[in-house]
Protein chains: 2
Amino acid sequence: MEPAVAEAAKPIFERLAIIGVGLIGSSIARAARAQGAVRTIVATARSPETRRRVVELGLADQVVDSNAAAAAGADLVIVCVPVGACGAVAAEIAPKLKAGAVVSDVGSVKSAIIRDMAPHLPKQVHFVPAHPVAGTEQSGPDAGFAELFQNRWCILTPPPGTDARAVEKVRRFWEALGANVEIMDPAHHDLTLAITSHVPHLIAYNIVGTAAHLEQVTSSEVIKFSAGGFRDFTRIAASDPTMWRDVFLNNREAVLEMLGRFNEDLAALTRAIRMGDGKTLFDLFTRTRGIRRSIIEIGQETAEPDFGRRAHGAETEAPIPKPYASGD
Amino acid sequence: MEPAVAEAAKPIFERLAIIGVGLIGSSIARAARAQGAVRTIVATARSPETRRRVVELGLADQVVDSNAAAAAGADLVIVCVPVGACGAVAAEIAPKLKAGAVVSDVGSVKSAIIRDMAPHLPKQVHFVPAHPVAGTEQSGPDAGFAELFQNRWCILTPPPGTDARAVEKVRRFWEALGANVEIMDPAHHDLTLAITSHVPHLIAYNIVGTAAHLEQVTSSEVIKFSAGGFRDFTRIAASDPTMWRDVFLNNREAVLEMLGRFNEDLAALTRAIRMGDGKTLFDLFTRTRGIRRSIIEIGQETAEPDFGRRAHGAETEAPIPKPYASGD
């Protein structure tokens with residue numbers, strides 16, 4: 001037997017601490033266990049209800065009731081709480097971290113995370129911020145699943161001077177969970193995600209808000225006729241409010257920059273509509289198809305029409321065809 | 001045997017002519033046949049390739065090579081071409097329409113359709129404009145399917161004075177195809193669809209265009225990290241360019257009105273981000289969840305996370321877990 005094969009079963013980290021067990025935290029727990037990426041999982045959550053649910057779901061080997069207790073003795077601590085809460089968690093766990101431990105997170109913003117967490121962490125601890133670009137519109141420990149990270153990207157943004165072996169171990173951990181790993185500068189991460197994630201969420205939240213408060217069109221009409229495109233936006237606009245509030249408060253400059261670009265382009269498009277400039281509209285509408293093709297080609301999206309919504313839009317029981325009377 | 005039951009098998013219209021056999025036209029052909037809603041289907045399309053494909057797919061009993069030939073002798077003529085082409089089609093078919101025939105369409109805009117088509121149609125013909133609010137991002141005769149209209153809404157906008165029996169027959173036709181039917185004023189239709197369909201398409205096209213032309217973030221990065229939300233927008237931005245150009249050119253006032261509302265709200269949201277006003281953000285992000293819940297409750301959307309994308313995002317073959325070397 002080849003030694004490399006025998007080695008493959010060895011965990012990357014001995015003891016993993018997950019702080020915050022929502023969609024992402026619970027998916028990490030499930031995936032890490034499924035892949036044997038760690039030997040032991042200890043988890044904690046702020047609310048007693050969540051901790052109880054984590055026990056019921058059997059997501060961890062041990063569930064403790066404080067962040068400090070979870071961090072004590074852990075080899076990898078992953079902070080899976082909203083971006084705005086990460087600094088306080090770093091302060092709480094710092095005294096309990098063992099020398100050589102790796103601290104990471106899953107925040108959608110990276111510069112602010114480094115600003116808020118790094119100052120609290122002791123020198124003998126390795127800080128490797130991470131952002132798995134994956135998720136659904138659902139929240140909580142029940143929403144997670146082991147396959148969430150498969151074929152998705154996880155971006156690491158280690159500050160300059162971070163121990164290379166610690167970065168490498170975190171990379172292998174995420175690869176074991178099925179992710180592709182990319183290392184990036186935090187500021188560039190924040191700009192990239194502003195356009196691929198933050199601004200899309202903002203305009204989805206915005207149009208759902210606009211549609212809900214019109215005088216001319218009722219909410220009931222918006223809901224009934226949503227299959228014309230609107231309903232796609234409501235998925236994103238159903239994402240966790242606390243998480244997204246914190247993203248916008250903590251990635252302000254990049255979001256405002258990208259929003260400025262979006263608005264410039266929208267002004268040009270609005271002008272084309274006002275002027276009846278069909279060529280400008282047609283040219284844009286043709287170019288945008290290529291981007292989707294590329295996203296499907298690299299496996300980041302399904303090629304099925306309508307996202308493969310079941311039975312092509314007949315999600316509820318298909319109505320029994322209504323009998324019709326004589327055709328006069 | 002009850003007479004009502006025996007009657008149920010009788011077609012609503014004898015001869016259906018479909019002019020334009022794309023996603024919608026071909027879905028009507030498939031559904032009308034599957035439900036026995038008509039006795040005979042004649043179809044035509046502008047391009048010889050499409051007509052050939054309609055023959056190969058066996059979508060119609062007869063495929064003819066002109067709009068006039070399709071309309072001749074038909075009891076129901078449904079014009080399924082882009083909004084901007086409907087007026088010319090009405091002019092072509094007018095001389096061939098038989099007395100008492102019903103003419104309809106499937107355009108996403110209704111006032112302009114009435115403006116463009118009605119003047120050409122002879123008095124002894126009934127004009128019942130229709131808009132089935134259903135579709136996918138795909139185009140062409142192969143993209144259609146018989147279930148497309150099930151549990152979706154079809155909006156009829158008959159001009160004042162339209163024969164009530166003709167409206168009733170068109171209603172029964174769409175109900176036979178599985179749709180729920182609503183009768184609406186054309187101007188109100190155009191305003192409602194501007195917010196539930198046209199503006200969502202415009203901002204989806206717009207953000208995909210913005211993302212493709214940034215200096216700071218490459219297209220390759222946009223594509224790789226699209227799973228953070230952006231990819232949902234690319235589905236809508238892959239819709240047929242000609243159809244959508246015509247929608248914006250022909251529903252200008254309503255689209256500009258709704259776009260104005262969208263922009264006002266976005267300005268307020270932008271200000272909240274700039275000012276660090278987390279409460280405004282959190283409140284909006286909480287309210288928008290309710291709209292999605294309602295859309296799911298009335299069966300216009302799937303409740304599955306991520307639209308039920310297969311294997312939760314592992315659309316390509318799930319990668320084989322990478323073996324990792326010793327956990328040092």
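Biologist: How far apart do the C-alpha centres of domain 1 and domain 2 of chain A lie?
Modeller: This is a predicted model, in which local features need pLDDT of at least 70, side-chain atom pairs count only at pLDDT 80 or more, and totals for chains, interfaces and linings use all residues. Residues are numbered from 1 along each chain as its sequence is written, with chains lettered from A and ligands numbered from 1 in the order in which they are written. Chain A is divided into domain 1 (11-184) and domain 2 (189-301), with bounds from an automatic or database domain assignment. Their C-alpha centres are separated by 30 Å.

Biologist: How many residues does the contact take from domain 1 and from domain 2 of chain A?
Modeller: Two residues are in contact if their C-beta atoms, placed from the backbone, lie within 7 Å. Domain 1 of chain A gives 15 residues and domain 2 of chain A gives 17 residues.

Biologist: Which helix gives the most to the side of chain A that touches chain B?
Modeller: The contact between the chains takes 124 residues from chain A and 124 residues from chain B. Helices here are DSSP runs (H or I, at least four residues), numbered from the N terminus. With 19 residues, the helix that gives the most to this side of chain A is α8(A).

Methods:
Helices (H or I, at least four residues) and strands (E, at least two) are DSSP runs, numbered from the N terminus.
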